[in-house]
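This report covers domain contacts, salt bridges, a helix pair and backbone geometry. The structure is shown first.

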Amino acid sequence: MSAKAISEHTGKEFLYKYICTSAAVQNRFRYASVTCDTDWDRLTQEHPWLLTEPLVVKPDQLIKRRGKLGLVGVDLDLKGVQEWLQLRFMKETTVGKAKGILKNFLIEPFVAHTQEEEYYICIYATREGDHVLFHHEGGVDVGDVDSKAQRLLVRVDEKLDPELVKNHLLSNVADDRKEVLASFLLGLFNLYEDLYFTYLEINPLVVTKDGVYVLDMAAKIDATADYICKAKWGDVAFPPPFGREAYPEEAYIADLDAKSGASLKLTVLNPRGRIWTMVAGGGASVVYSDTICDLGGVDELANYGEYSGAPSEQQTYDYAKTILSLMTREKHPDGKVLIIGGSIANFTNVAATFKGIVRAIKDYQGPLKEHEVTIFVRRGGPNYQEGLRVMGEVGKTTGIPIHVFGTETHMTAIVGMALGHRPIPNQPPVAAHTANFLLNSSASVSTPATSRTASFSESNSPSDVTPAKRLASGIPPAKATTLFSKHTKSIVWGMQTRAVQGMLDFDYVCSRDEPSVAAMVYPFTGDHKQKFYWGHKEILLPVYKNMADAMRKHPEVDVLISFASLRSAYDSTVETMQYSQIRTIAIIAEGIPEALTRKLIKMADEKGVTIIGPATVGGIKPGCFKIGNTGGMLDNILASKLYRPGSVAYVSRSGGMSNELNNIISRTTDGVFEGVAIGGDRYPGSTFMEHVLRYQDTPGVKMIVVLGEIGGTEEYKICQGIKEGRISKPVVCWCIGTCATMFSSEVQFGHAGACANQASETAVAKNQALREAGAFVPPSFDELGDVIRKVYDDLVVNGVIVPAQEVPPPTVPMDYSWARELGLIRKPASFMTSICDERGQELIYAGMPITEVFKEEMGLGGVLGLLWFQRRLPRYACQFIEMCLMVTADHGPAVSGAHNTIVCARAGKDLISSLTSGLLTIGDRFGGALDAAARQFSKAFDSGLLPMEFVNKMKKEGKLIMGIGHRVKSINNPDMRVQILKDFVKQHFPATQLLDYALDVEKITTSKKPNLILNVDGFIGVAFVDLLRTCGGFTRDEADEFVEIGALNGIFVLGRSMGFIGHYLDQKRLKQGLYRHPWDDISYVLPEHMSM
């Protein structure tokens, strides 16, 4: 959500820190918080005024009218405060319908004053601007300030006029206080704007001869502005409404939500309740809560929450396990039900999200059965059939009763089943598989013939585009009645290739002559072409780095679809509106601060541009155009008959619910003519009324469906339009959120705008008003489809709609990636790997998650064992590997590899080039003897040759014994690296047969020449063979295979790379110049035939 209430403590801290006014604000930062953890001695040390001044104490838990409720202690000393608290602290109190525990209190200095010195101030945001209310009589008995107070509307992008403040707001204030109050009001309004407040009330504000005192304060801030205000806000704690506890699980889900591009919400209403929900979609979650409450389940409803925006399998798992953990803590005598519901997804892969839920169900299968939990599932969207199949299977394998339904079942029907109000079908109808819609039986690669050119009831017209009317200078241009046609061209902002391909597939199935996407804009790459499919053919769409180039090269474009992030959506939209060719902008991003959205709305109104969004999936005009992911994948497009126009137009806030409306309307009427999801924010770019009036003026639309929502008053404009006759077509309307009035405490639903600030904004009040105005309003969402069907049937009977014969739709080939996802095809892989898997939520090394690698402290040796040998090696083996890397890390700058690295570094080459130069010297002569030594010694030992026989055989064949000999070290000057390794191996290895054999060979070779010792390469080689053969993790063949394929040389390469990198960095740090070998170290000789 956006507007969130903050504590009085936080609000006053913001005010005292950042208000800029000439008025003398008194008692700055003089407040003390009291909680369960308060140490009174420490509190009085930090706030010594507590011991010397009269005090005021009150709860700080978002409780309104505390004075009227007797919850303010006035003019007390510290002992009096403590006694007052003793009677109330941690006691249950009833405020309205809410019952809660008083546990957070605020103590402030008492300010002695008269009634005449009290004033009332309130600033709150609306779509048009910010309202400033002032009343010269404040305090507990202020009464109905809406009717009493002086008010000013400061329109968007305007400033509060000081003269209007003095002459209008302060008209009833004594002249000697006007300057002080005016300065304070102006400073307060600037603070309100700068810190993105949406509501700020002070009652009373006291003004005495000493200055201004802020006694009581209530405020809300726009939480989505955190990325703008973080430096000033700091870490803001948003307290829960009074009557509802803050649960750690809610904080955990909020943290997941903050770290995710998806949306994850959880509110615990009644932890002992028997009805739990896990609903996909902000709008759908409200509808399910409504239906549960309508069917009498309000007292048993345990939670409200939603997940949407394509969360990953891991995120869904974390969300699901949190809910399952909560619901399996206390048993209920009647057992419990879990409703896993949702509308038809637009772009979320249902099977992928269900995998996370299935994992959680498997993890909690014991507690779920113990608590007698029954699960009801209803879902639709991309790959939902596979998701439902997996969900059904887990029910069978775990023994948990799981009832699974798809789009053939009304969205909320499972609620009636779960609560025992309707029977559970034994065998629900099986929906057609995604593939059945998409596989093309025709071999034709041409664009299919048009199946229908107009809606069922609309005749063909030569032009189906109504451009925006240009009016006289100074008058804003009127917005277009028709936003989209079969010829609409768009630009997509953002690298959203999946959404663009979906739009092109929709265009193709609608028999458009050309793609609806002309180009893409993505500032983070250079200009290039992006490949897409047009039916069977591959086409290229241009991608531009900046908007100006795209607009200049595509003057036919009049729609922009913005997938910009919430941080960049405002700037990119402002830029877009500089181009007069753009008439419609769809803003997909959720979480744009409300103040910025209002600026966009004002700018769009001035330019005659229609904005759809923010926080929307977009809209669709069947047979013509669709925005981004609207309508879901092609199976849903075809199932809901969105490839050709019908007679019903709808407008909704929710994107997911708009797809559900597509489904409902296609099953009850001749289909959708146009549908728009205006977005779930408090201030959508375009309103219900704007679109309803467009539909009223569109001949092809015969009836209108509106899915309203709790919050705001926009639906009342529809009531007015019906009463005045401006809207004459039948309107079927339902406002979701009827459950809100049944809750004892305020619940913020999934959409930012879904919150009633007054009685008239409740869904119940709006439904009643619409019903009285003449709209067709069903008793509940459950009956919405029935009412739509009845209105449609009446229009058919009266001849307003003449159903046309249905024509089979054209088909589009399925993308390879999606066909593979559905398990319809297979192909041999280009690569095979068995050591690592990065595809899931967590990196896996040879079957072990990376978190387990760290949890068990496997170290570098353990990781190397997993990646090289695909085994979890014993601890001593891991230690031995790490010791080998340490002793081979470097051997000075004189060896060939280090020398090459140094020369390369001094030639100005980069690290990779220098390292490679050094590594290329590794071979049998330098460092690469590990494998060769292992092979030679293993072969001799396995053949039964005595050490002397082996030495004589190699001498006879004229071959060097790999791993024997050192240029510097000898039997008299031993290599300490070898000695360290030998001590460790002898102490920890189960057996060292090959090492013992090599040491016997060393005795023979050193008797002939002291430097023919077993060097570090040879030692590691033979010791590693012993390790592979005796650690118990490998067969003999496997151990030999690792030697043959060069695994042991890898130890030297990996270890010595550390040294080479060290030499490179050393040379760079020392700033050594280009190396040139000195002449006196080169023997210059003539060719042999010339010297003779």
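## Domains 1 and 3

The centres of domain 1 and domain 3, taken over C-alpha atoms, are 40 Å apart. The contact (heavy atoms within 4.5 Å) takes 18 residues from domain 1 and 24 residues from domain 3. About 1700 Å² is buried between domain 1 and domain 3, 48% of it on carbon and sulfur atoms; buried area is the accessible area (1.4 Å probe) that two parts lose on being put together, summed over both.

The model is predicted: local features need pLDDT of at least 70 and side-chain atom pairs count only at pLDDT 80 or more, while totals for chains, interfaces and linings use all residues. Residues are numbered from 1 along each chain as its sequence is written, and side-chain values use heavy atoms, with hydrogens and water left out.

The domain assignment gives domain 1 (3–233), domain 2 (248–424), domain 3 (490–798), domain 4 (816–855) and domain 5 (873–1070). Such bounds come from an automatic or database domain assignment.

## Salt bridges

A salt bridge is counted where a side-chain nitrogen of Lys or Arg lies within 4 Å of a carboxyl oxygen of Asp or Glu. The structure holds 55 of these salt bridges, and 2 salt bridges are found across the interface of domain 1 and domain 3. Lys 599 and Asp 157 also meet through their side chains in a salt bridge, at 3.9 Å from N to O.

Arg 272 pairs with Glu 330 in a salt bridge whose closest N and O atoms are 3.3 Å apart. Arg 272 lies in the loop between strand 14 (263–268) and strand 15 (275–277), and Glu 330 in the loop between helix 10 and strand 17 (336–340), so the pair ties together parts that are 58 residues apart in sequence. Helices (H or I, at least four residues) and strands (E, at least two) are DSSP runs, numbered from the N terminus.

## Helices 8 and 10

Helix 8 (residues 248–258) packs with helix 10 (residues 313–327) at an angle of about 175 degrees, with the axes 11 Å apart. Helix 8 is therefore roughly antiparallel to helix 10 (angles over 145 degrees). Axes are lines fitted to C-alpha atoms over the stretch in contact, and angles run from 0 to 180 degrees between N-to-C directions.

From helix 8, Glu 249, Tyr 252, Ile 253 and Leu 256 meet Asp 318, Tyr 319, Lys 321, Thr 322 and Leu 326 of helix 10.

## Backbone geometry

Asn 203 and Pro 204 are joined by a cis peptide bond, with omega about 0 degrees; Pro 204 is in strand 11 (residues 197–208).

Definitions and conventions: Angles under 35 degrees count as roughly parallel, over 145 as roughly antiparallel, 65 to 115 as roughly perpendicular and the rest as oblique.
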